[in-house]
Amino acid sequence: MTILVTGGAGFIGSNFVLDWLRGSDEPVVNLDALTYAGNLENLASLDGDARHVFVRGDIGDRALVDTLLAEHRPRAVVHFAAESHVDRSIHGPGEFIRTNVNGTYTLLEAARGFWSTLPEAERAQFRFHHVSTDEVYGSLAPDAPAFTETHPYEPNSPYSASKAASDHLVRAWHHTYGLPVVTTNCSNNYGPFHFPEKLIPLLIVNALAGKPLPVYGDGRQVRDWLYVGDHCSAIRTVLERGRPGETYNVGGWNEKPNIEIVHTVCALLDELRPDPAGPHARLITHVKDRPGHDRRYAIDARKIERELGWRPAETFETGIRKTVAWYLDHADWVARVQSGAYRDWLQRHYGETA
Ligand code: NAD
Ligand code: DAU
């Protein structure tokens with residue numbers, strides 16, 4: 001048996017592939033276009049491991065996806081590939097529509113084509129697992145209850161609108177064609193291999209370099225943080241036991257205002273890597289707010305706990321300490337991401353710069 005993972009060289013995808021192969025010998029075919037966000041160095045520990053088959057390619061390439069499905073005959077597709085950064089979606093939404101909407105459509109059609117040829121028993125077992133986000137639900141008022149799976153969709157950014165569109169396509173492919181899909185809508189992840197354009201890794205790498213720590217607006221926006229390893233275990237759980245056609249919200253029960261995250265990271269760095277120039281919090285700088293910035297996200301993760309018995313293993317305190325320690329221990333990874341040297345691998349292996 002085999003699974004096909006898309007976007008497995010990105011932040012969550014690479015954590016998922018590593019976790020999967022730590023716990024199972026079931027091979028992974030990893031289809032990733034290696035955009036700026038894809039970094040094969042995240043998977044360096046799998047070099048020479050026959051259980052990991054990496055294919056550089058686009059989810060929107062129907063012929064390629066058809067070939068991979070026919071050759072490897074996966075029992076499941078786990079779909080991470082996406083443009084994922086809200087700020088980039090504000091500056092250039094086109095790629096978000098191309099990958100998140102059109103790419104998901106192509107992948108669904110290819111999966112449907114393959115699935116419809118399977119014998120009855122395999123058809124029932126097949127899964128298309130769509131990895132989505134809490135941002136599709138929009139922004140919560142300060143005292144509103146957390147998002148449940150039935151919360152109305154109100155996406156506010158080009159990114160969240162593109163993810164909402166992909167969620168709707170996935171739902172429709174189940175409803176109309178019977179494709180056995182499951183969707184997870186997860187809150188903000190953090191942990192190893194997080195690209196330093198997102199808040200937590202950006203804070204760590206900037207603080208270590210003595211650079212300003214940019215806080216958008218008043219910093220009182222609330223996010224619900226989940227350690228990436230817990231997201232991976234939730235996906236494995238839903239893939240194994242989730243009911244086709246269902247969606248499951250995944251979150252860490254860790255609602256925190258951004259400014260509190262900033263102070264926590266600064267305090268951990270003061271403890272683990274004190275700066276002779278003074279406390280890291282001196283670098284905090286309030287900057288212009290993100291346009292259309294959602295004020296609050298919070299996930300009600302009771303359904304996945306009640307139906308499938310999943311709960312996060314990490315608290316925010318344990319997860320953020322591990323994360324800061326990981327960045328301190330992986331200065332080389334950070335340096336190669338920041339200099340762009342991680343992309344040299346592409347040149348060496350594919351003879352091109354992407
Ligand atoms: P990421 O940006 O780190 O990685 C995305 C990966 O997809 C990269 O490896 C990139 O090369 C690949 N990719 C992009 N376009 C592609 C294409 N057209 N074809 C093939 N591969 C392509 O993203 P991430 O943070 O790891 O997020 C993964 C998934 O999880 C996304 O679908 C995202 O919406 C969702 N999600 C993320 C979070 C979070 O906090 N990061 C939370 C909830 C859900
Ligand atoms: O909620 C899940 C989503 O979380 C995922 O779907 C997205 O793919 C992922 O990127 C993330 O989106 P956010 O916009 O919440 O993450 P980001 O790290 O960009 O920002 C977190 C919060 O911090 C947000 O309120 C904006 C703020 N921020 C961000 C950056 C990069 C700052 O104040 N300063 C910054 O420099």
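Colleague: Okay, how many salt bridges does the structure hold?

Modeller: It holds 26 salt bridges. Before we go on: this is a predicted model, so local features need pLDDT of at least 70 and side-chain atom pairs count only at pLDDT 80 or more, while totals for chains, interfaces and linings use all residues. Residues are numbered from 1 along each chain as its sequence is written, and side-chain values use heavy atoms, with hydrogens and water left out.

Colleague: Why is Glu197 called buried, and Arg88 partly exposed?

Modeller: Buried means under 20% relative accessible area, exposed over 50%, and partly exposed in between (1.4 Å probe, protein chains only). Glu197 has 15%, so it's buried; Arg88 has 35%, so it's partly exposed.

Colleague: And which label does Glu240 get?

Modeller: Exposed, because its relative accessible area is 62%. Its side chain meets that of Arg241 in a salt bridge at 3.4 Å, N to O, and Arg241 is partly exposed at 41%.

Colleague: Why is H7 called oblique to H9?

Modeller: Their axes come within 10 Å and cross at roughly 40°. Axes are lines fitted to C-alpha atoms, for helices over the stretch in contact, and angles run from 0 to 180 degrees between N-to-C directions. Angles under 35 degrees count as roughly parallel, over 145 as roughly antiparallel, 65 to 115 as roughly perpendicular and the rest as oblique. That makes H7 oblique to H9.

Colleague: Which residues of H7 and H9 meet?

Modeller: Contact means heavy atoms within 4.5 Å. On the H7 side there are Leu199, Ile200, Leu203, Ile204, Ala207 and Leu208, and on the H9 side Asn258, Ile261, Val262, Val265 and Leu269. By class that's ten nonpolar, one polar and no charged residues; Ala, Val, Leu, Ile, Met, Phe, Trp, Tyr, Cys and Pro count as nonpolar, Asp, Glu, Lys and Arg as charged, and the others, Gly among them, as polar.

Note on methods: Chains are lettered from A and ligands numbered from 1 in the order in which they are written. A salt bridge is a side-chain nitrogen of Lys or Arg within 4 Å of a carboxyl oxygen of Asp or Glu. Helices (H or I, at least four residues) and strands (E, at least two) are DSSP runs, numbered from the N terminus.
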